[in-house]
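Subject: Structure handover

Hello,

The structure we discussed follows.

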Amino acid sequence: MAAPPLSVKGLSVAYQKKPVLRNVSFNVTEGELIGVIGPNGAGKSTLMKAALGLIPSIAGEVLVYGKPYKQQRKLIGYVPQRESVDWDFPTNALDVVLMGRYGHLGWFRRPGAKEKALAMECLAKVGMADFAGRQISQLSGGQQQRVFLARALAQDAKLYFMDEPFAGVDAATEKAIITLLQELKKQGKTVIVVHHDLATVQDYFDSVLLLNVELQAYGPTAETFTQERLQQTYGGRLAFLDRSHQPSSPAGKEG
Amino acid sequence: MSEFWILLTGSLVAGCCGILGVFLVLRKMAMIGDAISHSVMPGIVIAFLLSGSRDSLLMMLAALAFGLLTTFLIQMFQQSGIQSDASIGVVFTALFAIGVVLVSLFARQVHLDQDAILYGEIAYVHWNLWELGGISMGPKAVWLLGFTLIVISAVIGLFYKQFKLCAFDPALAAAIGIPVALFHYLLMGLVSMATVSSFESVGAILVVGMLIIPASTAYLLTERLGVMIGLSVAAGVASTFIGYGAAVLLDASIAGCMVCASALLFVAAFLFSPTQGIVAKKLRMRRLAS
């Protein structure tokens, strides 16, 4: 059997002695869309960053297609949280997408006509071709997110990590992202997505990974995304999920 | 002839500082530039004490060492939980103070003028000549700055895409295997070099102005990184010429006038930039309102 796209064994991460991830292990199945779900501070982004080697882990091993991450960088695409960069940076949408090619260009080569054509293609796939020359601060939040996705596409990877791509985007962008995820899945790519909106989990993902410092559950959405498991993950702070038992009163989750 | 050398020296300072300043401003590290420009002082003094002369190469190496030490210490304090602005403040004032103590202890023996380090004296640049086999090759400062400018242009030119991605999105840079820490130290090393090459002419304090102000002016005027670098250098060179002219008219400090001119250009950009200027914004608002 071929090595799984991502294999995490006993991963632990701590910030200044406080554990953020404790002994997390799982294997990802190729060609799936995987949602990473958990409350704030559960270590969802940390899991991604540690898997990518962006932050040091205190224990554990991460293998990408059977080899350490450092040997497999070109197989991986990464979409950081949109707020993690300064959108006032003097550059345009096309240029940001071109950054996705930097890893393939090596130390000295600069992006040329071939890279530009590819970047334009990627922008077109997320419906942003008309905005290629637009200064990035003049894009809406959703458009910025789509530029980030186009950049990940330009990385031409087999395994994608996306950190909250749906956070604060408009309906059109949400739809564009979902179409794109389906497209990637059709091409046999594996996508791991940190996700916040529990209402859409069942529609979007093949598998879910429930996380709260420790791995709570991981498996096919139908079996894993259950009331009981969610209560366990969120520590009983999830009253609004009781869709079947609760009348849809406006009281909602604010209460 | 002195006029020519002063303007050339000032323009070279503007070139070195203008290029690096862009990356400092974009990475929100303007204050680290400030810190480095001050904390290279003990390095300069120690090099001076060791060699007994203003031997440029040794000074450059000592300043480089202290610049990198500053960067390292600031980062170490930050990572152990001290606020970033506080750790910058602690490191550079402490190192600068060591420099001040050293100067006051040994200045009489080695003839190193405290004022010259702090404020520089670009007017004397053409008196300190480099002689090669009895032939005068022109002012030392020009050679030193020219060399620094070539190094800076070469390094930034060669690794432009790395510096750009490290400034815009260090997480992606690290994820695709760019050694982010290496480029951080490389940039800080270049800033140390630029500072020590410039300090003789504009001084350790005003060099910060040449690092940060023209880059901030350029930031207001363009939306392309490459253009921003060009405009930053241009703003610095323009400040040199305007500042020198003003200094001659007023019979005032040349370096001081240069940085004042640079500040004036910044204010002009702040008010009248076609995209981000206050006036343009007001006009757009009015048009929207009517």
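A residue is called buried here if 20 or more other C-beta atoms lie within 10 Å of its own, exposed if 12 or fewer do, and partly exposed in between, with C-beta atoms placed from the backbone. By that count, 50% of the 290 residues of chain B are buried, and 41% of the 255 residues of chain A.

The model is predicted: local features need pLDDT of at least 70 and side-chain atom pairs count only at pLDDT 80 or more, while totals for chains, interfaces and linings use all residues. Residues are numbered from 1 along each chain as its sequence is written, and chains are lettered from A and ligands numbered from 1 in the order in which they are written.

Overall form

Helices (H or I, at least four residues) and strands (E, at least two) are DSSP runs, numbered from the N terminus. Chain A has 9 helices and 10 strands; chain B has 13 helices and 2 strands. The radius of gyration is taken over C-alpha atoms, and the globule rule is 2.2 Å times the number of residues to the power 0.38. For chain B the radius of gyration is 20 Å, close to the 19 Å from the rule for 290 residues, so chain B is as compact as a globular protein of that length. Along the principal axes, the C-alpha trace of chain A spans about 55 × 45 × 40 Å, and the C-alpha atoms of chain B fill a box of roughly 70 × 50 × 35 Å.

Two residues are in contact if their C-beta atoms, placed from the backbone, lie within 7 Å. Among contacts in chain A between residues at least 6 apart in sequence, 69% join residues at least 24 apart. In chain B, 71% of the contacts with a separation of 6 or more are between residues 24 or more positions apart.

The sheet of chain A

Two strands pair if DSSP finds at least two bridges between them. Six strands of chain A form an open sheet with mixed pairing, in the order β6-β7-β8-β3-β9-β10. Its edge strands are β6 (76–79) and β10 of chain A, each pairing on one side only. Neighbouring strands are turned by 15° against each other on average, direction ignored. Axes are lines fitted to C-alpha atoms, for helices over the stretch in contact, and angles run from 0 to 180 degrees between N-to-C directions. Helix α6 (residues 171–186) of chain A packs on the sheet, where it touches β3, β7 (159–163) and β8 (190–194) of chain A, and its direction makes about 150° with that of β8(A).

Strand β9 (residues 207–212) of chain A has 5 of its 6 residues buried. On one pairing, 4 bridges join β9(A) in parallel to strand β3 (residues 33–37) of chain A, with Ile37(A) opposite Leu210(A). On another, β9(A) pairs antiparallel with strand β10 (residues 214–220) of chain A over 6 bridges, and Asn212(A) stands opposite Glu214(A). The hairpin of β9(A) and β10(A) has 1 residue between the strands, and Val213(A) takes a positive phi near 65° there. Helix α9 (residues 227–234) of chain A lies across β9 and β10 of chain A, at about 155° to β10(A).

Core and interface

A nonpolar core is a set of buried Ala, Val, Leu, Ile, Met, Phe, Trp, Tyr and Cys residues joined through C-beta atoms within 7 Å. The largest has 163 residues, and those with the most contacts inside it are Val97(A), Ala150(A), Cys16(B), Leu20(B) and Ile44(B). Helix α10 (residues 180–221) of chain B supplies the largest share of this core, 22 residues. Leaving aside neighbours within four places in sequence, the contacts of Val97(A) include Ala119(A), Cys122(A), Leu123(A) and Ala150(A). Ile44(B) is among the buried residues of α3(B), a helix (residues 41–51) with 8 of its 11 residues buried.

Between the chains, 19 residues of chain B are in contact with 18 residues of chain A. On the side of chain B that touches chain A, α8 (160–168), α9 (170–175) and α11 (225–250) of chain B each supply at least two residues, and α9(B) gives the most, with 4 residues.

Regards
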